[in-house]
Amino acid sequence: MLLGLEWYWWLAAAAVILISIPIKIRFMRWFQRREQEKKKERHGKWGDEE
C-alpha cells in the first residue's frame, strides 16, 4: 500500500495516464491545425481580395 492506495488503483491510474497521452497529442495536433485554418481564413477575408 503506497500513499494509502492499493496496488490495483495504481495500476488503474497508470492505465488511464497511458491511454490519455496519445489522445492529448491527437487533440493538440487537431487544435493547432484548426487555429492555422482560422488564421488563413481571416487573412483571406480581410486581405487584398476586397
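## Overall surface and fold

The accessible surface of the chain amounts to about 5400 Å², and 64% of this area belongs to carbon and sulfur atoms. The model is predicted: local features need pLDDT of at least 70 and side-chain atom pairs count only at pLDDT 80 or more, while totals for chains, interfaces and linings use all residues. Residues are numbered from 1 along each chain as its sequence is written, and side-chain values use heavy atoms, with hydrogens and water left out.

Of the 50 residues of the chain, 0% count as buried. Buried denotes a relative accessible area under 20%, exposed over 50%, and partly exposed the range in between (1.4 Å probe, protein chains only).

## Nonpolar surface patch

Leu3, Leu5, Trp7, Tyr8, Trp9, Trp10 and Leu11 make a nonpolar surface patch of about 860 Å². Patches consist of residues with over 30% relative accessible area and no salt bridge; like charges are joined within 9 Å, and nonpolar side chains (Val, Leu, Ile, Met, Phe, Trp, Tyr) within 5 Å. Leucine 11, one of the patch residues, lies in helix α1, which spans residues 7–46. Leucine 11 counts as exposed because its relative accessibility is 55%.

## Aromatic pairs

Four aromatic pairs are found in a search of the whole structure. In tryptophan 7 and tyrosine 8, the ring centres are 5.8 Å apart and the planes stand at 80°, so this pair is edge-to-face. Phenylalanine 27 and tryptophan 30 also have ring centres 5.8 Å apart, but with planes at 35°, so their pair is tilted. Rings of Phe, Tyr and Trp (its six-membered ring) pair if their centres lie within 6.5 Å; planes under 30 degrees apart count as stacked, over 60 as edge-to-face and the rest as tilted.

Trp7, Tyr8 and Trp9 form one aromatic cluster. Tryptophan 7 is exposed at 62% relative accessibility, whereas tyrosine 8 is partly exposed at 42%. Phenylalanine 27 and tryptophan 30 are separated by about one helical turn, because they are three residues apart in helix α1. Phenylalanine 27 is partly exposed at 45%, and tryptophan 30 is partly exposed at 43%.

## Salt bridge

Side chains of opposite charge can pair when their charged atoms come close. The count here comes to one salt bridge, defined as a side-chain nitrogen of Lys or Arg within 4 Å of a carboxyl oxygen of Asp or Glu. Arginine 34 and glutamate 35 form this contact, at 3.9 Å from N to O. Arginine 34 is partly exposed, with a relative accessible area of 30%, and glutamate 35 is partly exposed at 33%.

Methods
Accessible areas come from the Shrake-Rupley method with a 1.4 Å probe; for residues, only the protein chains shown count as cover. Helices (H or I, at least four residues) and strands (E, at least two) are DSSP runs, numbered from the N terminus.
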